[in-house]
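Subject: Structure handover

Hi,

Here is the structure I promised to pass on. Please open it alongside this note.

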Amino acid sequence: QEEPNNWQSFFGGSAWEKEPNGVQYYYHKFSSEQADLNWQNKAVKDEMRTVLKFWMDRGVDGFRFDVINFLSCNGIGEENLLMDTKGQQIHSHDIDQPDIFSCISELCGYVRDYSTLMGKEYFLVGEVGHEELSKLAPYQSDDLLDVVFNFNLGAILSFDIYNVHKQLVAMENSLSGLPTLFFNSHDMPRAMSRLCHNNVEQATALAALTIMAKGVSFLYFGEEIGMPDFIPIDINQMRDIQAVNHYQLALADGKTTLQAFDKALEECRDKSRLYMQWNNDKFSGFSASKPWIGETIPKNMPTVEKQHNDPDSLWHWYQKLITLHRENQALQFGNYETLSLDNKLLSISRRWQNQIIHIQINFNDVRQSFRHNDSHIF
């Protein structure tokens, strides 16, 4: 049989794969090893409830629903006919399908019903594959997800405090609940390289914003020591299947090995996936066997051991910020009284009951003076 439609995989190439030793095709939004499930099938939903119950019975505190808006809730739909400026297919009909909110509501409803039975609340986090706040916001509500990863802020390609402030204000005005605050994940280059350009002072300011602003902060391992990107030097150092697929597709399209590698490096997510740098030992704790990625430790890579012994290190700065957050209810629960920007000086005031905390974060290249009796200065 022929492929049912023209849908493309997010890892490149067709999203349809012929069954081994068969004649029919199965659908995979990502790798061919990751066959999509049909959420119109009651057996699929029942099995997912079993999986959720398995983990709740073992005491987990919540779930992260990966690319949750990609569920196939309406089966095979219309072809995706539009292309973006890079010549990539726009996924018009294979994500955000019409019944997606019903599918997610069923999942979340099952967890919340079970929470009543268990006498325990569960935290439901959604990764929604969008960077536009207008498309992210609908997935967060009392019936759906507690929070969604706000990629409108977290996935910015370069740091611009005016854009960051704009996004903070937009999230405050558009979301039904708390925003999420993060600038790192396993799917994008590390903030130390992408946003801070290995400038530790910029990293300290970004850390203060992540932990002091209103929202749920998410820290990605290595962020607290300022780990930069890991850059593979050839295709043999790449483990990300997305990058490898683009490499093979580029070769099949007639590109040279160098051109194919450049394309793979552009798409490669291994940049943020180097193992944690605990110390300068080879493999940093993986002496018994080779690590899955990065057999050679990049030069000048920060380590936990070194920063733990330096009271002025980024690691100690994160400890101070987290302690401050833990000890002040205004930082845990407080709403904004002030969220303003003047000459790249971000001013935040948050109040909870009788407690108010003032925060000033300087994103300028020069020192700035201001006067306030009870502000925290970063």
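Below is what was found in it, taken part by part.

**Ground rules**

This is a predicted model, in which local features need pLDDT of at least 70, side-chain atom pairs count only at pLDDT 80 or more, and totals for chains, interfaces and linings use all residues. Residues are numbered from 1 along each chain as its sequence is written, and side-chain values use heavy atoms, with hydrogens and water left out.

Helices (H or I, at least four residues) and strands (E, at least two) are DSSP runs, numbered from the N terminus. Two strands count as paired if DSSP finds at least two bridges between them.

**The parallel sheet**

Three strands make an open sheet, ordered β3-β4-β5, with parallel pairing. β3 and β5 are the edge strands, each with a single partner, so one side of each has no neighbour in the sheet.

Strand β3 (residues 62-65) is joined to strand β4 (residues 123-126) by four bridges. R64 has V125 of β4 as its bridge partner. Between these strands the chain passes through helix α2 (residues 100-118), and this β-α-β crossover is right-handed. Right-handed means that, with the strands pointing away from the viewer, the path from the first strand over the helix to the second runs clockwise.

On to the next pair. β4 and strand β5 (residues 147-148) are linked by two bridges and run parallel. V125 is partnered with V147 in β5. G126 lies opposite V148.

**Helix α2**

Does the length fit, or what should α2 span? At 1.5 Å a residue, its 19 residues should span 27 Å. The end C-alpha atoms are 27 Å apart, which agrees. The expected span is 1.5 Å times one less than the number of residues.

Which residues of α2 are buried (under 20% relative accessible area, with exposed over 50% and partly exposed in between; 1.4 Å probe, protein chains only)? They are I100, C103, I104, L107, C108, V111, Y114 and S115. They cover an arc of only 120 degrees around the axis, which puts them on the same side of α2. The arc is taken from the directions from the helix axis to the C-beta atoms. An α-helix has 3.6 residues a turn, so residues three or four places apart point the same way.

The cover over the buried residues of α2 includes α1 (42-56), β3 and β4. On the other side of the helix, D113, T116 and L117 are exposed. Just after α2, G119 has a positive phi of about 70 degrees.

**The antiparallel strands**

Strand β9 (residues 345-352) has six of its eight residues buried, so it is largely enclosed by the rest of the structure. β9 pairs with strand β8 (residues 335-342) in the antiparallel sense, over seven bridges. D342 is opposite L345 in β9. Two residues lie between the strands of this hairpin, and N343 takes a positive phi near 55 degrees.

β9 also runs antiparallel to strand β10 (residues 355-362), with eight bridges joining them. I348 has I359 of β10 as its bridge partner. The hairpin of β9 and β10 has two residues between its strands too, and there Q353 takes a positive phi near 55 degrees.

Where is S31? It sits in the loop between β2 (25-27) and α1. S31 counts as buried because its relative accessibility is 5%. Leaving aside neighbours within four places in sequence, S31 is in contact (heavy atoms within 4.5 Å) with F11 and I241.

Best wishes
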